[in-house]
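Please look over the model below with these notes beside it. Each point takes one part of the chain in turn.

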Amino acid sequence: PGGARAGLRPRGGRCGLDAGGGRTAGALVGGVGPSGVGKDSVMQALVAARPDLRLVQRVITRPETAGGEAFEGVSEAEFARRRAAGDFALCWPAHGLHYGVPATMMGWLAAGQTCLVNLSRAVLAEAERLFDPFLALHLTAPAAVLAERLSARGREDADAIAARLARADTSLPQGLSRVIEVANDGPLEAT
């Protein structure tokens, strides 16, 4: 399904792939960092500057009217159905929501495209195990900048913002092979 290459196919009933460690023609770049660091803005700017890059749209259990990144909003039941059908190459829970990376991405990687996707730090080790080549693009910004951006986007109340900021210092998993760290603490053009 989803154009997966031989040996890599979504696992029925759970996220991830049946096999890993194989090389794809294209690379997967996982944008990571705390909420409010500007992952989506930076990745959109990269795609605008480099049309050969492909931005992967996530599936999230929140209404599409919530704003922010471009994503496909689905109900909890629809997400569970898709997960059971093996429609996600990666998925994870965070902040009371479920996030999934569509398995259709496998076809783009097999065709040689470099794909960018907003990932959770919690799935980086799995992503590196499943996708080769894989690169983590780790964005950082001071807590005051994160708080200002989270408040400005207007998606969360003060308690939800505080919870997201409490996770801001979560470190990346140990042992990742390829990580590029970029400070995104000013205007996007300066990043």
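1. Pro133 sits in strand S8. Helices (H or I, at least four residues) and strands (E, at least two) are DSSP runs, numbered from the N terminus. The peptide bond between Asp132 and Pro133 is cis, with omega at about 10°. Most peptide bonds are trans. This is a predicted model: local features need pLDDT of at least 70, side-chain atom pairs count only at pLDDT 80 or more, and totals for chains, interfaces and linings use all residues. Residues are numbered from 1 along each chain as its sequence is written, and side-chain values use heavy atoms, with hydrogens and water left out.

2. His138 is also found in strand S8. Is His138 buried or exposed? His138 is buried, because its relative accessible area is 12%. Buried means under 20% relative accessible area, exposed over 50%, and partly exposed in between (1.4 Å probe, protein chains only). The His138 side chain makes a polar contact with the side chain of Glu181, at 3.1 Å. A polar contact is a pair of N or O atoms within 3.5 Å; within protein, one must be able to donate a hydrogen and the other to accept it, and residues adjacent in sequence count only if both atoms are side-chain atoms. Leaving aside neighbours within four places in sequence, His138 is in contact (heavy atoms within 4.5 Å) with Val32, Gly33, Leu172, Val179, Ile180, Glu181 and Val182.

3. Now the chain as a whole. The protein chain has 6 helices and 9 strands. Of its 191 residues, 43% are buried. Take the contacts between residues at least 6 apart in sequence: 68% of them join residues at least 24 apart.

4. Next, the nonpolar cores. A nonpolar core is a set of buried Ala, Val, Leu, Ile, Met, Phe, Trp, Tyr and Cys residues joined through side-chain atoms within 4.5 Å. The largest one has 27 residues, and Met105, Leu119 and Phe131 touch the most other members. Several elements give two or more residues to this core, including strand S1 (23-32), helix H3 (105-110) and helix H4 (124-130). Strand S5 gives the largest share, 4 residues. A second, separate core holds 13 residues, among them Met43, Leu53, Leu139 and Val145.

5. Which residues does Leu119 touch, not counting those up to four places away in sequence? They are Gly30, Gly31, Val32, Leu90, Trp92, Val101, Leu124, Ala127 and Phe134.

6. Ser120 lies in the loop between S7 and H4. Its relative accessibility is 10%, so Ser120 counts as buried. A polar atom of the Ser120 side chain lies 3.0 Å from the backbone nitrogen of Ala122. Beyond neighbours within four places in sequence, Ser120 is in contact with Val32 and Trp92.

7. Ile60 is in strand S3 (residues 59-60). It is buried, because its relative accessible area is 0%. Setting aside neighbours within four places in sequence, Ile60 has contacts that include Glu69, Phe71, Leu97 and Tyr99. Ile60 and Glu76 are 16 residues apart along the chain, and their C-alpha atoms are separated by 8.9 Å.

8. Two loop residues deserve a look. His95 lies in the loop between S5 and S6. Its phi is near 55°, a positive value in a residue other than glycine. Most residues other than glycine have a negative phi. His95 is partly exposed, because its relative accessible area is 34%. Arg155 lies in the loop between H5 and helix H6 (158-166). With a relative accessible area of 24%, Arg155 is partly exposed. Arg155 and Gly68 are 87 residues apart in sequence, yet 8.4 Å apart in space, C-alpha to C-alpha.

9. Last, the largest pocket. On a 1 Å grid over the protein atoms alone, a pocket is an open set of points where a 1.4 Å probe fits, with protein on both sides within 12 Å along at least five of seven lines; lining residues have an atom within 4 Å of a point. The largest pocket has a volume of about 550 Å³. Grid points are joined across faces, edges and corners, and the volume is the space filled by probe spheres set on the points. Of its 27 lining residues, Gly36, Lys39, Asp40, Asn118 and Arg153 lie nearest the centre. Helix H1 (39-49) supplies the largest share of the lining, 4 residues.
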